[in-house]
2 protein chains.
Amino acid sequence: MPHGRYLEVMTAQRQTKQLQAVRNAFESAGRPLSIDELHQMASEDLDSLGLRTVYRVVRKLQDADEIAVVSVPGSSDRYELASVASKHHHHFHCTSCDRFFDIHGCPGGLSKLVPEGFKLERHDLTLSGLCDACA
Amino acid sequence: MPHGRYLEVMTAQRQTKQLQAVRNAFESAGRPLSIDELHQMASEDLDSLGLRTVYRVVRKLQDADEIAVVSVPGSSDRYELASVASKHHHHFHCTSCDRFFDIHGCPGGLSKLVPEGFKLERHDLTLSGLCDACA
DNA sequence: TTGTAATTGGCAAATAATTGTCATTAAGGG
DNA sequence: CCCTTAATGACAATTATTTGCCAATTACAA
């Protein structure tokens with residue numbers, strides 16, 4: 001049996017405090033979070049939270065299309081709310097605190113950069129430097 | 001003693017066929033290469049080439065500023081000639097063959113996307129889709 | 001050609017990130 | 001309030017990548 005959204009939807013979902021703590025972390029952060037950031041932030045609500053559980057909750061939220069993975073250059077994967085991910089946007093990476101932030105807007109005009117014969121399907125832009133707190 | 005370019009420059013450098021095979025791979029590919037791609041391509045010149053040696057040669061070329069690392073989203077690091085890296089450019093990632101290609105040109109106008117108080121230092125753009133061979 | 005030391009390559013070991021296992025806990029329907 | 005079983009968390013195990021080690025090889029200066 002495939003592991004996926006359908007199965008999860010059919011399966012009973014318990015509203016555990018661990019799940020809530022991770023959800024709260026996404027809501028309150030308002031930016032893409034790594035597994036470790038999620039663990040740290042959600043642990044403030046629930047100090048007994050295990051890293052193993054964070055991995056499992058993240059997988060479950062992914063399967064439920066509640067969050068989406070954000071692959072970034074040079075750092076580990078981040079996750080963000082699907083409601084945010086569904087709106088085209090980009091990210092800013094602070095090289096000092098290693099946090100990622102959402103950037104709204106897009107330069108556009110990228111199709112003219114694509115070589116002859118190539119088929120453009122998506123693009124990712126990462127600005128980097130210092131965030132307001134670190135600057 | 002620090003491990004760095006200065007030391008390497010002072011140390012005798014032997015023109016081994018392994019080093020030449022890796023250099024040739026960079027020259028003939030004309031695109032950023034992963035460790036495994038380097039190993040595969042250079043092995044066509046020199047079938048005895050060990051992966052361990054590729055790691056070492058890449059490190060040495062980095063220390064000598066002959067090549068630079070290219071961090072990309074969702075895939076392992078690539079390396080490209082410093083002469084290419086020094087000219088601002090971006091990359092295209094083929095999701096079918098997993099190869100990266102150089103893109104010349106840049107959309108520009110990114111500073112207006114930066115949030116108030118943030119300091120923009122660099123940016124990375126990755127287009128993705130299908131390369132000409134896969135399309 | 002010879003001597004020396006840089007280089008190589010196979011394998012083990014160190015890293016780092018994620019997952020399997022399983023006894024225990026607890027959510028929530030009845 | 002129970003009872004069933006989903007969920008948790010500690011730990012071991014796995015996976016993937018990179019590096020340490022060292023005997024054998026080889027570049028190249030003398």
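**Entry 1: chain A overall**

I began with burial and found that buried residues make up 40% of the 135 residues in chain A. Buried here means under 20% relative accessible area, with a 1.4 Å probe and protein chains only. I note that this is a predicted model, where local features need pLDDT of at least 70, side-chain atom pairs count only at pLDDT 80 or more, and totals for chains, interfaces and linings use all residues. Residues are numbered from 1 along each chain as its sequence is written, chains are lettered from A and ligands numbered from 1 in the order in which they are written, and side-chain values use heavy atoms, without hydrogens and water.

Next I looked up the elements: chain A has 5 helices and 5 strands. These are DSSP runs numbered from the N terminus, with helices (H or I) of at least four residues and strands (E) of at least two. Their order from the N terminus is α-α-α-α-β-β-α-β-β-β. I also noted that the C-alpha atoms of chain A fill a box of roughly 50 × 45 × 20 Å along the principal axes.

**Entry 2: helix H3 of chain A**

Which residues of helix H3 (residues 35-45) of chain A are buried? I found A:Ile35, A:Glu37, A:Leu38, A:Ala42 and A:Ser43. Their cover includes helix H2 (17-29), helix H4 (51-63) and strand E2 (78-81) of chain A.

**Entry 3: DNA strand C**

I then turned to the DNA. DNA strand C is surrounded by 19 residues, and the closest are A:Gln15, A:Tyr55, A:Arg59, B:Thr53 and B:Arg56. A residue is near a strand if one of its heavy atoms lies within 4 Å of it. Of the atoms of DNA strand C that come within 4 Å of the protein, sugar and phosphate account for 55%.

The side chain of B:Arg56 has an N or O atom 2.3 Å from a base nitrogen of DNA strand C. At B:Ser48, a polar backbone atom is 3.2 Å from a phosphate oxygen of DNA strand C.

**Entry 4: DNA strand D**

How many residues surround DNA strand D? I found 20, and the closest are A:Thr53, A:Arg56, B:Gln15, B:Tyr55 and B:Arg59. Sugar and phosphate make up 56% of the atoms of DNA strand D that come within 4 Å of the protein.

A backbone N or O atom of B:Gln15 is 2.6 Å from a phosphate oxygen of DNA strand D. The elements giving two or more residues to the surface near DNA strand D are H4 of chain A together with H4 of chain B.

How values were computed: Buried means under 20% relative accessible area, exposed over 50%, partly exposed in between (1.4 Å probe, protein chains only). Contact means heavy atoms within 4.5 Å. A polar contact is a pair of N or O atoms within 3.5 Å; within protein, one must be able to donate a hydrogen and the other to accept it, and residues adjacent in sequence count only if both atoms are side-chain atoms.
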